[in-house]
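Hi everyone, thanks for coming. Let me put today's protein on the screen, and then we can walk through it together.

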Amino acid sequence: MPSLEADFDVVPHLPLSVTGTADGATRPTTPSTTSDRIRQRLQAARASFLANDNIAAYLEEGELETLQEEVVEQVRGLLKTLVIDVDNDHNTAETAERVAKMYLHEVFKGRYHPQPKVASFPNVRELDEIYTVGPITVRSACSHHLVPILGHCWIGIQPGERVIGLSKFSRIADWVFSRPHIQEEAVIILADEIETLCKPRGLGIVLKAQHYCMKWRGVKEPQASMVNSVVRGSFRSNASMKKEFFDLIRQQESLL
Ligand SMILES: [Zn+2]
């Protein structure tokens, strides 16, 4: 029976990813992957590509499909590194395909897919009374552990130049939350997107969520939740407007 050393000796000790060139120099020949190409494009544009950024504008036609194939291979590699027998385990044989699809098109779709189309209309009747919408379901994941953040948010508006349909707040929230986040930043990103869409005079958002990195692991506190809020414009500058916003959402749900 051959020894382990003998087995290893069969493997040629060639330098990987380096080839000779006409000028005699050696250059790395790292294969250009889809993620490499997208990353180079983002860096050339000096665009941010943090976990909670949307990068859809930097993807070319067909790249999401080839990126998905690349993610499949990397997830399969992760499973193999975790010493899971993906070749013989019927339960995990296609886990890599499922996880890649889930990341790119479901739980992190807000990174790779463009913003859903939201029509806004001029505020012709000059509405200026506060209204609130909620609870809107929050499904996100924490950037630190990639485990779920689940909860609800409430959005309040004092209309300004433009108005959007009530259901559109849910669509925008879903798109923003479907990225790896920390809750403090998620609420600010959502507020920025809503301000861009309808330029309200006042805007308030309250987000209440449970973090599975606290429930499932770490300190294992199953009941702990995090509540945070952002108030802008008239909700920030006018104490009675701010109070009205919080009173209204308290009526929508026993909260805080
Ligand atoms: Zn976490």
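Predicted model: local features only at pLDDT ≥ 70, side-chain atom pairs only at ≥ 80, totals over all residues.

Residues are numbered from 1 along each chain as its sequence is written.

The protein has ten helices and nine strands; these are DSSP runs numbered from the N terminus, helices being H or I with at least four residues and strands E with at least two.

Now, which strands form the open sheet? Five of them do, in the order β7-β4-β5-β8-β9, with mixed pairing. Two strands pair if DSSP finds at least two bridges between them. At the edges sit β7 (180-181) and β9 (226-233), each pairing on one side only. Between β8 and β9 there are eight bridges, in the antiparallel sense, and Ile205 has Val230 in β9 as its bridge partner.

On to the core. The largest nonpolar one has 32 residues, and Ile205 is among those with the most contacts inside it, as are Cys153 and Ala173. Such a core is a set of buried Ala, Val, Leu, Ile, Met, Phe, Trp, Tyr and Cys residues joined through C-beta atoms within 7 Å; buried means 20 or more other C-beta atoms within 10 Å of a residue's own, with C-beta atoms placed from the backbone. Elements giving two or more residues to this core include β4 (131-142), α6 (166-177) and α10 (239-252).

Definitions and conventions
Buried ≥ 20, exposed ≤ 12 C-beta atoms within 10 Å, placed from the backbone.
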